[in-house]
Amino acid sequence: MRRKLYILIGILLVAGMVLAACGKATPTSAPAPKASESSQNNAPAKTSAPSAKEITVTIGFTQSKTGKYNEESTRQSDGLDLWIKQINDQGGIKLSDGTVVKFKAVSYDDESSGDKVQQLYTRLITKDKADFLISPYSSGLTSSAAIISEQYGKIMLATGAASDSIFKKGYERVYQLYTPASHYLTGAVDLLQSLDPNVKKVAFIYENSKFSTAVVKAAKEYAEKKGYDVVMFEGYDKGTTDFGSFINKIQDSGAEAVMGGGHFQDGSTLARQIYEKKLPIKYLALLVAPPDPSFADLGDAALGVVGPSQWEASANYSPESAKAAGLTWFGPTSADFVKAYKAAYNEDPDYHSAGGYVAGLVLQKAIMDAGSVDPAKVKAALDKMDILTFFGHIKFNTTDAHGLQIGHEMIYIQWQKKDGKLVKEVVWPKEGATAAPLYPLKH
Amino acid sequence: MSKKFFQHASLWLSLGTVLVIGLWPIVTHNALNRETAFTVLSAVALASSLNILLGYTGYVSFGHVVFFGFGGYVGFYTINVLGWNIWMAMLAGGLAAALLAYLLGVAILRLRGAYFALATIGINEAVRAFINNFAPFGGPTGMTLNFKIYKAYGGAMHALQLVFYIMVGLTIIVTILSYWVRTSKFGLGLLAIREDEDAAEVMGVITPSAKNWAFVLSAIIPGMVGAIYFFKNGTIEPGLAFPLRTSIEMIVMIMLGGQGTVLGPILGAAGYETMRDYLLVSPLFKNLQLAISGVLLLLIVLFIPRGLVGWLRQRYPKVRRWLI
């Protein structure tokens with residue numbers, strides 16, 4: 001009997017694993033950057049100077065092809081692959097000494113879980129001889145990978161990782177491209193202040209996860225510094241679907257503005273229930289969910305909701321705005337990037353895609369500035385970097401929190417109505433705004 | 001040749017397997033092999049520990065990773081906040097896991113069969129929820145080590161090397177522990193509980209205390225593995241520390257190798273991890289690796305449900321004397 005029980009348990013276990021695996025495993029036909037492999041044969045024909053040589057630089061990273069980060073991570077590596085393809089198609093980067101640098105990518109599936117990340121990054125460095133590394137998606141996986149890259153003295157560009165804490169731990173070669181979590185909602189506080197100086201009571205309600213907790217803690221501090229009275233500061237568990245009691249509590253607290261959220265599912269549910277319960281608040285800013293195009297499916301509940309985004313296609317960073325700000329412009333414009341991305345993948349890029357692309361772009365700029373692929377020289381170039389790209393301003397902290405992003409700023413979008421249809425408009429910062437903010441929230 | 005010799009032969013075979021895995025990166029002097037061997041050995045240590053409860057005592061714990069995560073958290077806290085060294089942190093992690101197991105055992109080892117299995121899943125989730133709201137452990141954001149901490153061990157390169165040696169040592173200890181339990185009078189009591197708990201009680205086995213000690217023994221090493229794993233990982237957060245999937249994989253490894261044997265979980269864990277590693281990086285399978293490993297496991301469990309060692313014992317009665 002017992003044996004049969006074990007067999008049954010075993011079969012159930014395995015069947016569960018198979019189902020889980022089949023459900024998530026998406027065999028993607030990755031656009032392999034083949035150009036670099038054949039390039040070595042073609043090179044001598046193109047360059048007549050005998051001194052000109054061509055080198056292929058290997059970029060290593062892990063990608064979450066399965067598991068919970070699959071979607072964001074795939075977009076991120078799609079963005080990076082697009083950059084590699086573009087560089088190789090245009091004949092690589094020409095350095096000042098005539099060397100032509102081309103790129104190739106090596107990547108593995110980290111399954112969105114930390115247990116293999118260090119092993120895979122060691123493999124990328126020792127076996128695949130990766131010259132430069134790109135981080136995995138998410139702050140947790142990036143901090144695991146950072147130890148390995150630092151240990152081997154490799155440069156790692158961290159994209160899709162917003163946590164501040166990694167950069168306060170003494171790492172010297174990890175560079176962050178996203179605006180750190182501590183600045184995710186501070187702009188939403190500034191926006192509120194510019195809209196209505198009379199509002200004083202703010203409630204924070206957020207998902208109990210690494211990322212959102214870090215964001216709201218910093219936002220709360222900032223709001224208090226700006227003179228706001230934080231009347232509620234409460235977390236909800238992952239996967240919460242009923243916010244009724246939280247909404248009642250917000251109402252009792254007398255809050256006039258609500259900020260927080262977590263990820264897409266909970267954020268959009270929260271926005272819908274706040275709308276349905278007709279919570280009398282003037283301002284609602286949520287993380288992650290609002291910038292997603294499917295947030296519009298909420299209909300009128302989406303109207304007026306503000307959300308931070310790392311990048312939006314409509315944000316108007318341009319060579320002109322670079323000149324106005326006294327910065328060097330580098331890379332394609334937003335329009336060119338969107339066009340190329342759409343042509344390659346037949347979908348609109350989101351900020352994860354742009355983050356992947358800009359990781360390549362920043363590496364390209366650093367190699368060009370360094371005039372070499374020597375890690376020490378590239379590191380020096382990254383430390384000095386101060387540029388404006390279609391993604392925004394890129395500049396790294398080089399003192400107390402080495403590698404922390406200090407140039408890039410969040411963009412705040414708001415869902416507004418145009419001709420009866422919901423549209424996403426950039427409302428903050430003022431320089432990048434595409435429409436005037438809608439205020440107060442009409443429920 | 002006495003019976004004792006044959007029993008020892010099984011111990012040497014088990015230790016030999018662990019040593020081969022442990023020496024492979026040292027002999028080849030290759031960092032990648034070291035990383036691979038580290039994950040294989042941690043799987044061996046976890047599976048062998050769980051085997052004491054699952055294989056010998058017959059209690060299926062679906063939430064055994066809770067001891068790995070809890071020990072990891074306590075160890076990480078002592079390093080990160082209290083400034084202890086890795087040795088003390090490892091001990092703290094092991095003791096914390098043992099204490100947790102003792103308290104839990106008193107409460108839930110009265111449950112049998114499916115009820116016990118369900119309770120263990122609940123405990124993993126409950127501890128995760130507790131840590132998620134426990135501010136000293138960083139709550140949902142977890143904790144991150146300062147890179148400079150590795151300097152005390154001669155830099156990150158040496159620290160990772162040291163952690164690997166510790167892991168080899170722990171795996172050897174867990175192998176000896178597993179062998180000792182299997183061959184001792186205490187272990188005989190556990191086997192009796194597995195076969196029929198009521199009959200064991202009638203025969204004079206004090207089942208509540210025997211079960212509780214089995215639970216504690218099966219928790220100590222996972223707690224220590226957790227402490228050194230997260231020291232190496234450099235960062236800890238609730239999602240990384242309590243993955244239910246690892247719990248299930250531990251059970252699968254034991255079933256692959258043969259539950260209730262000393263060598264079985266070692267072979268099962270090594271085989272399972274090697275297969276996963278191969279599928280993960282092979283250019284042919286890397287997009288499909290989870291589906292393929294699922295199908296392979298299904299086939300193995302369908303056709304050799306007793307696991308490799310169990311199958312050998314059934315097929316060749318002669319080896320039963322020394323293959324335990």
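Domain bounds, as used here, come from an automatic or database domain assignment. In chain A this assignment gives domain 1 (35-179 + 314-395) and domain 2 (183-309 + 410-432), and the C-alpha centres of the two lie 32 Å apart. Where they touch, 10 residues of domain 1 of chain A and 11 residues of domain 2 of chain A take part, a contact being a pair of residues whose C-beta atoms, placed from the backbone, lie within 7 Å. The side of domain 1 of chain A that touches domain 2 of chain A has 3 nonpolar, 6 polar and 1 charged residues; Ala, Val, Leu, Ile, Met, Phe, Trp, Tyr, Cys and Pro count as nonpolar, Asp, Glu, Lys and Arg as charged, and the others, Gly among them, as polar.

This is a predicted model, in which local features need pLDDT of at least 70 and side-chain atom pairs count only at pLDDT 80 or more, while totals for chains, interfaces and linings use all residues. Residues are numbered from 1 along each chain as its sequence is written, and chains are lettered from A and ligands numbered from 1 in the order in which they are written.

Chain A has 13 helices and 16 strands, which are DSSP runs numbered from the N terminus (helices H or I, at least four residues; strands E, at least two).

One open sheet has 3 strands in the order β12-β13-β14 (chain A), with mixed pairing; two strands pair if DSSP finds at least two bridges between them. Because β12 (328-329) and β14 (392-395) of chain A each have a single partner strand, they stand at the edges, and one side of each is left without a neighbour in the sheet. β12(A) runs parallel to β13 (residues 386-389) of chain A, joined by 2 bridges. Here A:Thr328 stands opposite A:Ile387 in β13(A).

Key
Two residues are in contact if their C-beta atoms, placed from the backbone, lie within 7 Å.
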